Amino acid sequence: EFKLMNRQRFNSLRIIIGLLLLVSGLQVPAYSQGRFTSYFDSDSFWRSIKVLDEDALIAADADTLVALVSNRVLDYEDLKFAKEVSEPSGQLHYFLAFVKEGKWSIKACKDLSSLLERLDKGKSLVVYTEGYGKNFPAGLFRAFAMRAQYGVNVLYLDYPSINSTKQRLGNWRFVLKEANKAGVDFVPVLDSLYHYPLREYHFPKITLFYHSMGNLALKNMLKNDFSAAFSQRKWVDNLVLNAACVPAKGYTQWLEQAHFARNILIHYNPEDRTIKGAQLISGNRKIGVQPGEKVLDKVLYLNFNRFVGDGHSYFLDLPYREKMAQPVADYMQRVLNGAAINVQDTLVFRPLDGESKYELVE
């Protein structure tokens with residue numbers, strides 16, 4: 001089963017990445033992460049994105065399609081229409097984003113329901129929030145990659161996480177502010193999902209996936225009780241804090257408020273070079289490096305160091321990265337499809353630190 005699943009996953013990913021790179025004519029090995037992200041912010045790439053009106057028809061046979069909700073300021077008279085600042089009022093914009101023959105298109109939609117109606121019935125849904133350094137196209141590319149690699153529906157929550165007018169430290173402060181604001185701005189999306197007949201109409205499993213500084217949005221939402229309205233029952237199968245660039249001090253107090261989640265998964269790496277750098281800037285320990293000894297009973301703590309070295313973004317196969325280790329790819333396939341994780345399965349997990357934390361088995 002897993003061999004077939006992985007073959008389908010890699011074939012899908014190869015197709016979508018091939019289509020994306022076909023537009024640019026780029027050679028993947030020549031591209032570091034920084035240059036790859038910069039490419040997506042080039043005038044030529046922005047010019048290739050087609051913006052469709054709300055009443056436009058979209059290709060029924062699109063190569064891949066994701067739902068997108070953004071709190072950015074939009075200005076369609078500008079080539080780079082999705083600005084590097086968020087709407088002060090918290091206004092949200094809804095889009096279907098799809099790739100057809102290597103060309104990107106986004107279609108405005110009126111609300112979340114109109115997005116969900118276009119996603120694949122019978123496939124699990126991942127609500128995906130990214131971290132530092134993603135301009136609009138670079139973040140959307142990752143959403144496309146997640147959709148292609150894991151065969152899940154993706155609802156990508158996009159907020160400004162880099163500003164080209166600021167230097168490194170200025171951007172750090174900028175993202176601290178914007179990620180926290182996103183925790184408030186996207187509450188209506190989660191509330192709408194809570195009230196939507198998800199399983200009856202569309203999606204058998206639901207996963208909320210927060211990466212890196214995107215976890216600040218989760219923290220702000222839980223710590224300030226913005227999730228109370230959609231916490232009356234457990235409707236999220238897996239809540240994932242992936243490489244969380246969030247202070248470890250006191251995190252159990254706010255994470256305990258995630259009453260809407262059946263399972264909570266903390267992915268960490270003690271050698272994560274990116275988060276170690278963030279610790280130097282902020283002066284505090286982060287969950288994604290070492291969540292500490294005070295653990296929550298309902299939380300699975302998984303140490304990825306064995307397979308990812310000093311890596312930080314270890315949940316996607318991307319053109320500028322080494323291929324994911326197979327145990328990591330298999331595990332992420334299960335988690336993003338909403339499966340319950342059984343840490344007693346000794347073929348997959350090995351206990352660490354007195355069985356409070358685990359690692360994957362080769």
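Q: What makes strand E2 and E5 a pair, and in which sense do they run?
A: In this predicted model, strand E2 (residues 64-70) and E5 are joined by seven bridges in the antiparallel sense. Pairing requires at least two bridges between the strands, so E2 and E5 qualify. One of the contacts is that of Thr-64, whose bridge partner in E5 is Val-99.

Q: How do you know that E5 also pairs with strand E6?
A: Seven bridges join E5 to E6 (residues 103-109), and the two strands run antiparallel. Lys-100 has Lys-103 in E6 as its bridge partner.

Q: What lies between E5 and E6 in the hairpin?
A: Two residues separate the strands, and Glu-101 in the turn has a positive phi of about 55°.

Q: Why is strand E5 called largely enclosed?
A: Seven of the eight residues in E5 (residues 93-100) are buried, so the strand is largely enclosed by the rest of the structure.

Q: Why is Cys-109 called buried?
A: Its relative accessible area is 10%. The term applies under 20%, so Cys-109 is buried. Cys-245, at 5% relative accessibility, likewise counts as buried.

Q: How many disulfides does a search of the whole structure find?
A: The search finds zero disulfides; a pair of cysteine sulfur atoms would have to lie within 2.5 Å to count.

Q: Why are the buried residues of helix H11 said to be on the same side?
A: In H11 (residues 273-282), Ile-275, Ala-278 and Gln-279 are buried. They cover an arc of only 105° around the axis, which puts them on the same side of H11. An α-helix has 3.6 residues a turn, so residues three or four places apart point the same way. What covers the buried residues of H11 includes helix H6 (168-185). The face turned away from the buried side carries the exposed residues Arg-273 and Leu-280.

Q: What makes Asp-272 a cap of H11?
A: A side-chain oxygen of Asp-272 lies 3.0 Å from the backbone nitrogen of Thr-274, at the N-terminal end of the helix. The limit for a polar contact is 3.5 Å, so this pair falls within it. Just after H11, Gly-283 takes a positive phi of about 80°.

Q: Which residues have the most contacts inside the largest nonpolar core?
A: They are Val-69, Leu-155, Leu-239, Leu-255 and Phe-260, in a core of 63 residues. Leu-155 touches residues including Leu-68, Val-69, Leu-112 and Tyr-128. A second, separate core has 57 residues, among them Val-66, Leu-74, Ala-82 and Phe-141.

Technical notes
Residues are numbered from 1 along each chain as its sequence is written. This is a predicted model: local features need pLDDT of at least 70, side-chain atom pairs count only at pLDDT 80 or more; totals for chains, interfaces and linings use all residues. Side-chain values use heavy atoms; hydrogens and water are left out. A nonpolar core is a set of buried Ala, Val, Leu, Ile, Met, Phe, Trp, Tyr and Cys residues joined through side-chain atoms within 4.5 Å. Buried means under 20% relative accessible area, exposed over 50%, partly exposed in between (1.4 Å probe, protein chains only). Contact means heavy atoms within 4.5 Å. Helices (H or I, at least four residues) and strands (E, at least two) are DSSP runs, numbered from the N terminus. The arc is that of the directions from the helix axis to the C-beta atoms. A polar contact is a pair of N or O atoms within 3.5 Å; within protein, one must be able to donate a hydrogen and the other to accept it, and residues adjacent in sequence count only if both atoms are side-chain atoms.
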